[in-house]
Amino acid sequence: MPEGHPATDTADTPRERAVAHEAGPLLIAGAPGTGKTELLARRLGRLAATGVGPESVLTIASRQATAGRLRERCEALLEGSFEELWIGSWDAIGERLLREHSEEAGLDPFFDVLSRGERLAMLLDRLDRLPLRRHEIRGNPAGLLARLLARIDRLKAERVGPTTLSERARAGEAGASDEADREAFGRELEFAELYATHDRVLSESGSLDRGDVFLALDCLLVERPDVRRRIAERFGQVMVDELEETTPAQRAVLESLAAEDSNQVVALEIEAGEGSAAAEAWFDEVHPAGERILLEDRFRDPELGFWRCTNERAQAQAVARAVEHLVAGGAAAEEICVLVEDPAKQGGAVAAAMEERGIPFHLSGPTALFQRPEVRDAIAWLRVLADPDDSAAAARALTRPPVELRSGDLARLTTIARRRKQDMVAACEAALDSPQFQPEARERIGSFLKLYGAAAAVMEERRADVFVRRLIEQVGLRRQRLFAAQPEVAERLLGLSRLAELATAWTRREPHGSTRAFVAYLSAVAEAGDEAEDAERPRSPGSVNGMAAGAVKGLGFDHVFVLGLEEEGEWERIGWPARSGLVLSRLERGAGGEAARPSRFYERALAATAAEGVSEELHEEELFGPAEGLHATYRALREQVLEASWRAGRELSEPRLDTAIDVNRAIARYLELLKLAALAQRPGDEPTAEAIEAVNGLLRQVASPEQQAELDASALDAYLLDSERERGHRLELVAAREEPSLAAFLPRRGDGMLSLSASDLSLYLTCPLKYKFARVFGIPQEPTINQRFGILFHNVLERFHKEPPEDPEEGLRLLNRLFESGWRRTGFGSTDDELQFRDRAREALRLYWERERESEGEPVWLEKKFDFKVGDHHVRGRVDRVDRLPDGDYELIDYKTGERKSEADLDADLQLALYRMAAREAWGIEASTGSYYYVLDAEKVPAPTRPDDAERVERTVLQVGEGIVGQDFEPRPSPSVCSWCDYRLICPAAEA
């Protein structure tokens, strides 16, 4: 029986009255799960049975998933033949109607409807001509434009154009009472100009955006009554599902059609927040005499569960564990869904936990495509081909299949690149003649250069779509996946196909565009987190679904997990997506360790079930992986064995110096898989250590000496025996490649001791893997505009205080002269981004000078260096400025050009505590005060001192030093940090 369809309906039930409704406006209201979509399908079937042609019923849903369900049910219910069914999403129906009447609307009949990502690329191509002088770009134009495009889309949905926006801003500016208000309205005027520029660029290219479709269609219906009349006569009945999801622009189209024919039946969800109230008010206004029917009976009654998880990792582990049990009990993986607020931020932890248990997981969302490892591999090759200076892209291309350069060799390469000031490709060419590299490493580098050279030679000769497809085949990204016997392999192949489709779509829009231009477009879209919009793809067979909570409406699953309910949001919009089980989960602590209270949605749902005895389940993080370790480890290792055999087979067909090594390694991995299978299936309760020894004894009888050496070097036995293994090492230890130690590349002093700075400590504590990329590998990175500006400001202030003016009145003029001189020498130009920094700097220098004139402190040292020992480590660095205070005390000052922090934010500050310890140990003075000087805000904020500061610094230095020496470089994913990381492309934690 179809979902949402009651077993029986008598003629006097609200549901049957709605199905039998023949003419006039009708509002069908109901809570989630009351079967509104099924009712509309049955009504279309009833109309057809009474002689109404199905093709004359226009049926619209806000989401394509709902439209798809409607179409399926209508096709199943309809008997006999018909011309076609006009059932679709608003986007599909609106575009189709506008195309049919494009001539009357004054549009090119072949107009394109561009996604936000495609429009972002168009604006980035014209960045120098965009009015952005008052908007803070901060070195990230793609991010700024993505946010502004999102606002343009919202305004169009609300039927607010640039002219109206400009008029509002001018009126506000005229009545502004202070400078801050005038600046805000001036910025709004500039945004209105950008809005108009955006529309003009679209018009010149013969394109529209999604918002334009409904604005143009409504304009057509209002200005051309004849067209409106023809459409109304063609569709004598209009049905709309999910009215609460419609925008004012879409409802305006319905209102125009209602002027000709009021036969409109709309379904409204009554628990969907503000959208429900706005849609209901619209219906009352347009159809004041319209009939209403309320549906009260739900046809989805899932079992509810409530989770309280100690942290994000614990939450992801709990979901993966529950999913594994469901699948083991017979549930279909594709009928399980995990919902998060933002897949780009919260999806990675869930994907990692699913991978640990070998559960196929399909993550969808605007950035999901660019998080897939195989797509990131392809993007890395494209980026390094377009720009050999892109070190992060080169590093990924070198270390991923098919090249797979070892970590130590990558560190040697980056050292060559830095010392010779070359790009990574040139460093690879130099490495071929370097005695630092073993023959097998040179052979791998040679294979990279061969692939690079072949692709670079034809990059400018071929269309972007042809080049991308050939590159995927030439590099072997598709072939690497063909023989991995896991359900997610299809997802990986589809990811590569989707990338090729993006190239095809771009080439169609830009027939004369170069491949380099496509790479620039692709990089911008990936960086801004905006994938080109596309039809919702069908569920992946055999894979658990992961998606944004806002995207699930209209879909149905047997089991649904909703995560992150400590955050407030429009959670009501998820509807009632589960048929059998619905779990609502929240974190008890935030990212900073602070207590997090549940959202109001969570509290209401929990309170509603209190009478039934439902309570929260507590889930804590498993520090050493899943409880079912052997089975999960077997699944995790299984695909690696298949991947290793595929690589070894490739090398057998093209022998290299290290082919025998890789073949023996593949066989050793297979023997480890046998070992795990034997341990998992051993009878009785034999201790793991004894069982491992017994199995190892049998394997020694069949393994060759070379394979036995590989087995002896593996960390698998240690992993299985050590139940207290530090979390996060699980998959790395199972894979256990015999990489050369990176000890030779750790930053050390001449005496062999580790050398650490305050920034090193902060970097490692933020993310050990980022420290490895930046300090151990030393992957070259172009300084950002923020970094260049900060260096310039530091240099200006240092020079000013070293040679202060004799005449105090000359102070500000000297500061400005130094700044202008440095501005030119540093290579700053006249883009809006750069000029914004310049304006802020001029004002900041003025405020700095005014504050300095009143300062009681006297600068005695500038860029003062220090070096002292903590345990077996050197701690080094320099203090921007040291002031002697009138009472003889000293103040340590560190300049900051970033966002200001309050004294409370600095309560656990480490940097200035380290500086105070350095003053005592290296300079022999006591400095009781340390302050951050936020020069752009002209404010100095002292960092609180604590009695245990010295102990805390020492403990941190020893902890970080131990981690670095032990080569513990596990990533620590965090949305706030990862979104700005220079190494996102090569970071495995950024993959899904």
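Modeller: Helices are DSSP runs of H or I with at least four residues, numbered from the N terminus. The model is predicted, with local features needing pLDDT of at least 70 and side-chain atom pairs pLDDT 80 or more, while totals for linings use all residues. Residues are numbered from 1 along each chain, and side-chain values use heavy atoms, without hydrogens and water.

Across the whole structure, six cavities of 30 Å³ or more are found (a cavity is a set of points on a 1 Å grid where a 1.4 Å probe fits but cannot get out, and lining residues have an atom within 4 Å of a point). The second largest cavity holds about 120 Å³, a volume being the space filled by probe spheres set on the points, which are joined across faces, edges and corners. Its lining is made of 15 residues, and nearest its centre are Cys767, Lys770, Cys978, Cys981 and Cys987. Both α32 (768-776) and α38 (975-978) supply at least two residues of this lining, with α32 giving the most, three residues. By class, the lining of the second largest cavity has 12 nonpolar residues, no polar ones and three charged ones (nonpolar: Ala, Val, Leu, Ile, Met, Phe, Trp, Tyr, Cys and Pro; charged: Asp, Glu, Lys and Arg; polar: the others, Gly among them).

The lining of the largest cavity divides into seven nonpolar, eight polar and 10 charged residues.

How values were computed. 1 Å grid on protein atoms, 1.4 Å probe; cavity = no way out; pocket = protein on both sides within 12 Å on 5 of 7 lines; lining within 4 Å.
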